[in-house]
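Trainee: Please take a close look at one part of this model for me. I would like to hear about its pockets, and what lines them.

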Amino acid sequence: GDTWDLNIRIVAKELGVSENEATEAWRALARQMIRVGREAVDEGVLMEDWASEVPTELCLGLPARALLETVERSAPGGMLLLSGLHLTPDRFTAPFASKIWENFQAAQLARSRLQLQYRYRSLLCAALLAGGGDPETLPPRLAEAVGE
């Protein structure tokens, strides 16, 4: 609708990219979150009925989990989105955007200092996917992973 189009225009303008590039970045993020969610259901970490209720934890957890992949995929000093759009610090000039850039760079630095074995990365992914939710309200395998 009109609001979505306006938001895409604003984001595209702020980042100095075309509206098509901004739209594709959002679509790629949506596809990535769907993939992450499906993989978690397939692995038994999420229960399909719980996920279909679209709980707050999942609304927070899926983007957080997708952002981990963005942090891991991006070279230092850049942000490589799944759409292929490569963002650099010069594109984050607005105060809010520069804060996002600073936090992304901090996350990138913290992640680069960790050499995680598969099991520990899986636990990190589960913690992110849980979206800060109370383990008592999460699906059993997700709650178990968060508790470790």
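Mentor: Start with a term. Ala, Val, Leu, Ile, Met, Phe, Trp, Tyr, Cys and Pro count as nonpolar, Asp, Glu, Lys and Arg as charged, and the others, Gly among them, as polar. Keep in mind that this model is predicted.

Now the largest pocket. Its lining has 22 nonpolar, 2 polar and 3 charged residues. That lining is made of 27 residues. Nearest the centre lie L15, W26, M79, L81 and I100. The space inside is about 790 Å³. Which helices supply at least two residues each of this lining? They include helix 1 (2-15) and helix 2 (19-42).

The axes of helix 2 and helix 4 are 9 Å apart, at an angle of about 110°. Angles of 65 to 115 degrees count as roughly perpendicular, so helix 2 is roughly perpendicular to helix 4. Helix 2 brings L29, Q32, M33, R35, V36 and G37 to the contact. Helix 4 brings L62, P63, R65, A66, E69 and R73. By class, the contact has 6 nonpolar, 2 polar and 4 charged residues.

Next, the second largest pocket. It holds about 470 Å³ of space. It is lined by 18 residues, with E43, V45, S122, C125 and A126 closest to its centre. Helix 2, helix 6 (118-129) and helix 7 (140-147) each supply at least two lining residues here. Helix 6 gives the most, with 8 residues. By class, this lining has 9 nonpolar, 1 polar and 8 charged residues.

Key. Residues are numbered from 1 along each chain as its sequence is written. This is a predicted model: local features need pLDDT of at least 70, side-chain atom pairs count only at pLDDT 80 or more; totals for chains, interfaces and linings use all residues. Side-chain values use heavy atoms; hydrogens and water are left out. On a 1 Å grid over the protein atoms alone, a cavity is a set of points where a 1.4 Å probe fits but cannot get out, and a pocket is an open set with protein on both sides within 12 Å along at least five of seven lines; lining residues have an atom within 4 Å of a point. Grid points are joined across faces, edges and corners, and a volume is the space filled by probe spheres set on the points. Helices (H or I, at least four residues) and strands (E, at least two) are DSSP runs, numbered from the N terminus. Axes are lines fitted to C-alpha atoms, for helices over the stretch in contact, and angles run from 0 to 180 degrees between N-to-C directions. Angles under 35 degrees count as roughly parallel, over 145 as roughly antiparallel, 65 to 115 as roughly perpendicular and the rest as oblique. Contact means heavy atoms within 4.5 Å.
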